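I opened the file today to look up how the two chains pair, touch and pack. My entries follow in the order I looked things up.

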Amino acid sequence: MAYVATRGGERAIEQSQRLFRAEMGAITPERVAELRRALPYLIDRVMGEASLYDEDLAALALAQTGGELYEAILLLRAWRTTQPRLAVAAPVTQESLFTHRRISAAFKDIPGGQVLGPTLDYAHRILATEVLEGATSRPEPVEPADRPAPAQQPSVAAWQAANGLLSAPRADSTTGNDIPDVTREPLLFPAPRAHSLQSLARAETGGVLALGYAAQRGYGQAHPTVNELRLAEADLRVTHPRGTVFSAGRVKVSQAEVVSKKGSALGLGFAATLGWNEVKVIAAATLDLNAKGAPKGSATEEEFFLYHTEGVESSGFCIHFKLPHYVTFQSSLDAMRDARAGAAGAAPSKQAEPAE
Amino acid sequence: MTPTIGTLPDHGHDQMLGVLARADAARLKAFAEPLIAALEGIEVRENRTGLVMLPMRDTAEGTHFHLGEVLVSEALIACDGLEGYGMRRGRDLEAAMAMALVDLSVALGRNVPACNDFITSEAAIQAAEDHETLRRVEATRVEMETF
């Protein structure tokens, strides 16, 4: 690999960064707070892909990069490395989630029933152009029910297992730092399931959607039906120095199960992520459902989708192609000219290059 | 001799810590500051931000895997042979310290009635918030029909 060092561009580089930042103007605490307040779903998406949950940091990263998502996530992943890991929380279970939204496309009468929660699924998509003419668009207030929904909801998969439709999952005694962790170990294939699910949790939404959609359209082996989709809050359960386990706060999480008939039984795919991002978890669960036995190099093969949905690596590789490649490209040109000269029966000639 | 560890009359240690971790930061700081007067010789062992990894259990195969890390602030303080601890989401170091002060006060048996009242009040506020949230969620309950 031959790269050429660039020299003499220091001022241009400095000015180019100023030009980028000039478009955004001053970054103030008020701007960060407004971004956090006004764009919760974008904040969630950024936190999930950064694999770092803090709304203020995500809003700051968006403000600092002008909404250039790949840069924002790179900033957060880089900042994360400056922080010590203080603990690994107790594993979150589905049944313990403080649930805001829980639906199933497979069964209409699931135990506990279905709550739509916050969604635009059944909304008319009409742009509020009156706002651009000076009006204020205010949402109609929710009319709360007389009684509250149950905070916790039972698992649809557990109910299916009890009815012989699914195999009950095995118990996993792995906890704490013994859980495989792609931030501390290389991703190798075949990947441990913990690596695969963690990689999907932090994957880039668009990439996961593209490959999940390919599987859903027929480039996979199984067509998914959403068994259960949840948007919820999970307790961060940590341990006090004297041994008391307590919740240090709640974080928003999304999780999806998709189901498909596999032979005489049902197969289940699963995915979850930090923040509320249901497109990502449905697409990711579809990839999980299709991964077993997928042909090498197909969109649903684990190595293919895990490598190609890692947003920081893929965007970094993509944009590196715009950086100076003068020597490698000149080498290609030389090889091309030699080939042409050889084909014409003439001896290769030395040509002066513009850069020389 | 191991010192006796105090408790609240109306709340378990886990509930107290959970309420403090979620309590309004401004109210928590305002409540905790006067507690310092009864904690002479207090030693600050940690007051920092850091990350807590959050694992989840997959419902398809039962595997534990990491969802991602959560930013927290942590405080560990000590006085008269006992420690007080605080950990809360976010980067508010003062709020984590305030939580640790309440924990230490209770452990040492100092200002216990006031701490108990504060936890009772904050627990009620949090329960009311959850109740209101869940009433709004219940309003979206849907009974699907097939034709």
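**Strand pairing between the chains**

I started at the chain boundary and found A:Ala87 opposite B:Val52 in strand S1 of chain B. The strands concerned are S2 of chain A (residues 85-88) and S1(B), which run parallel and are joined by three bridges. I note for the record that this is a predicted model.

I then looked for strand S1 of chain A (residues 52-53). It pairs with S2(B), in the parallel sense, over two bridges. I looked up A:Tyr53 and found B:Val70 as its bridge partner in S2(B).

How many bridges pair S1(B) with S2(B)? I find 14, in the antiparallel sense. One of the pairs sets B:Val44 against B:Ile77 in S2(B). The two strands form a hairpin with six residues between them. In the turn, B:Gly62 has a positive phi of about 85°.

**The side of chain B that touches chain A**

On the chain B side 52 residues are in contact, and on the chain A side 68. The elements of chain B that give two or more residues to this side are helix H1 (13-22), strands S1 (43-57), S2 (64-79) and S3 (82-89), helix H4 (112-138) and strand S4 (141-142). S2(B) gives the largest share, 11 residues. By residue class, I get 22 nonpolar, 14 polar and 16 charged on the chain B side.

**Chain B as a whole**

I listed the secondary structure and got four helices and four strands. Their order along the sequence is α-α-β-β-β-α-α-β. Why do I call chain B more spread out than a compact globule? Its radius of gyration is 19 Å, whereas the globule rule gives 15 Å for 147 residues, so chain B is well over the rule. The box filled by its C-alpha atoms along the principal axes is roughly 75 × 35 × 30 Å.

I also checked burial, and 44% of the 147 residues of chain B count as buried. Among the contacts in chain B with a separation of 6 or more, 56% are between residues 24 or more positions apart.

**The largest nonpolar core**

This core has 114 residues. Which of its residues touch the most other members? I find A:Val46, A:Ala58, B:Val52, B:Leu54, B:Met99 and B:Ala100. Helix H3 of chain B (residues 93-108) supplies the largest share of the core, 12 residues. Both domain 1 (10-80) and domain 2 (94-117 + 149-309) of chain A give at least three residues each.

I followed B:Ala100 further. Leaving aside neighbours within four places in sequence, I find B:Ala100 in contact with B:Ala75, B:Leu76, B:Ile77, B:Gly84, B:Tyr85 and B:Gly86.

I took the division of chain A as domain 1 (10-80) and domain 2 (94-117 + 149-309). Their C-alpha centres lie 28 Å apart. Eight residues of domain 1 are in contact with 11 residues of domain 2. Helix H3 of chain A (residues 40-50) gives the most to the domain 1 side, with six residues. The residues on that side divide into three nonpolar, two polar and three charged.

**Strand S6 of chain A**

Is S6(A) (residues 245-262) mostly covered or mostly exposed? I find it mostly covered, with 13 of its 18 residues buried.

I looked up its partners next. Strand S5 of chain A (residues 225-239) is joined to S6(A) by 13 bridges, and the two run antiparallel. Here A:Leu231 stands opposite A:Ser254. The hairpin of S5(A) and S6(A) has five residues between the strands, and A:Gly243 takes a positive phi near 100°.

S6(A) also pairs with strand S7 of chain A (residues 265-274), over 10 bridges in the antiparallel sense. A:Lys262 has A:Ala265 in S7(A) as its bridge partner. S6(A) and S7(A) form a hairpin with two residues between them. In that turn A:Gly263 has a positive phi of about 65°.

Definitions and conventions
Residues numbered from 1 in each chain as written. Chains lettered and ligands numbered in written order. Predicted model: local features only at pLDDT ≥ 70, side-chain atom pairs only at ≥ 80, totals over all residues. Domains from an automatic or database assignment. Contact = placed C-beta atoms within 7 Å. Nonpolar A, V, L, I, M, F, W, Y, C, P; charged D, E, K, R; others polar. Buried ≥ 20, exposed ≤ 12 C-beta atoms within 10 Å, placed from the backbone. Pairing = 2+ DSSP bridges. Rg over C-alpha atoms; globule rule 2.2 N^0.38 Å. Core = buried A, V, L, I, M, F, W, Y, C linked by C-beta atoms within 7 Å.
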